[in-house]
Amino acid sequence: MLVSAKDMLNKARDGKYAVGQFNINNLEWTKSVLLTAQELQSPVILGVSEGAGKYMCGYKTIVGMVNGMLDELKITVPVALHLDHGSYEGALKCIEAGFSSVMFDGSHYPIAENIEKTTELVKICDEKGLSIEAEVGSIGGEEDGVVGMGECADPDECKSIADLGVTMLAAGIGNIHGKYPENWAGLSFETLAAVKEKVGDMPLVLHGGTGIPEDMIKKAISLGVAKINVNTECQLSFADATRKYIEAGKDLEGKGFDPRKLLAPGAEAIKATVKEKMELFGSVGKA
């Protein structure tokens, strides 16, 4: 059974660890994340971008697939199904489809409009018992068509959004999607500390978890980050393992490609990546 992310994030905040959000793109991806979470007894958030939602035949298809896996794989750890960087319309569609959590990314709107739209979605999510994430200060880089310049959030604007009753807040602190460039200045812990002071106990979210050094990850958790998103690293590990398998010619056997064999190395690579991140975030055994 899918659950809201609220309880798992409040526990993470109090326990000084972070829950991993791992974006999913297909059946193999989803199965790998769920099996690893169950093995490590870690709560987990399955992230779905709007682009991935379209690729996987729509949000209702994803809800059916995930609910089926929870049952068939006998998953007992807390699992939230979460819309990542959603539009207002996308959030409404995911709520209707049966997601247990949504993110409304209103960071590109003027703060007044961000507040207005977030307020409406908070009311709906509260009525349905869902968790909701909001964003202030865009996340740098590009992910699935969502582009941000990597702005550091205004702590006062963060408070304005947090006071609306959102479950968690993504505040831009110099983090970016995708690979980090060599000249990246690092996370702005000054901004993170200022945001934390303004929003109090609100669980904070760190997007762009791929490529951030371990010491920065741990410091961010100590300053209130309770959810860390990972996508690019899973994509890279899946693609690299699949490529190596094809280049080795192991799937030819005179019969053509067997998709189950072809995708198996990528699925195992995702398991390894998810395990590494859960251990780093400190969520192992916290289910």
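Helices (H or I, at least four residues) and strands (E, at least two) are DSSP runs, numbered from the N terminus.

**Figure 1. Overall view of the predicted chain.** This is a predicted model, in which local features need pLDDT of at least 70, side-chain atom pairs count only at pLDDT 80 or more, and totals for chains, interfaces and linings use all residues. Residues are numbered from 1 along each chain as its sequence is written, and side-chain values use heavy atoms, with hydrogens and water left out. Eleven helices and ten strands make up the secondary structure of the chain. The C-alpha trace spans about 65 × 45 × 35 Å along its principal axes. Of the 287 residues, 55% are buried (under 20% relative accessible area; exposed is over 50%, partly exposed in between; 1.4 Å probe, protein chains only).

**Figure 2. Negative surface patch with residues from α9 and α11.** Glu214, Asp215, Glu276 and Glu279 form a negative surface patch. Two or more of the patch residues come from each of α9 (214–222) and α11 (259–281). Patch residues have over 30% relative accessible area and no salt bridge, and like charges are joined within 9 Å; a salt bridge is a side-chain nitrogen of Lys or Arg within 4 Å of a carboxyl oxygen of Asp or Glu. Asp and Glu count as negative, with the charge placed at CG of Asp or CD of Glu. Asp215 lies in helix α9 and is exposed, its relative accessible area being 57%.

**Figure 3. Gly15 in helix α1.** Helix α1 covers residues 6–15 and includes Gly15. Gly15 is partly exposed, at a relative accessible area of 42%. Its C-alpha atom is separated by 40 Å from that of Tyr245, 230 residues apart along the chain.

Definitions and conventions:
Patches are made of residues with over 30% relative accessible area and no salt bridge: like charges are joined within 9 Å, nonpolar side chains (Val, Leu, Ile, Met, Phe, Trp, Tyr) within 5 Å. Accessible areas come from the Shrake-Rupley method with a 1.4 Å probe; for residues, only the protein chains shown count as cover.
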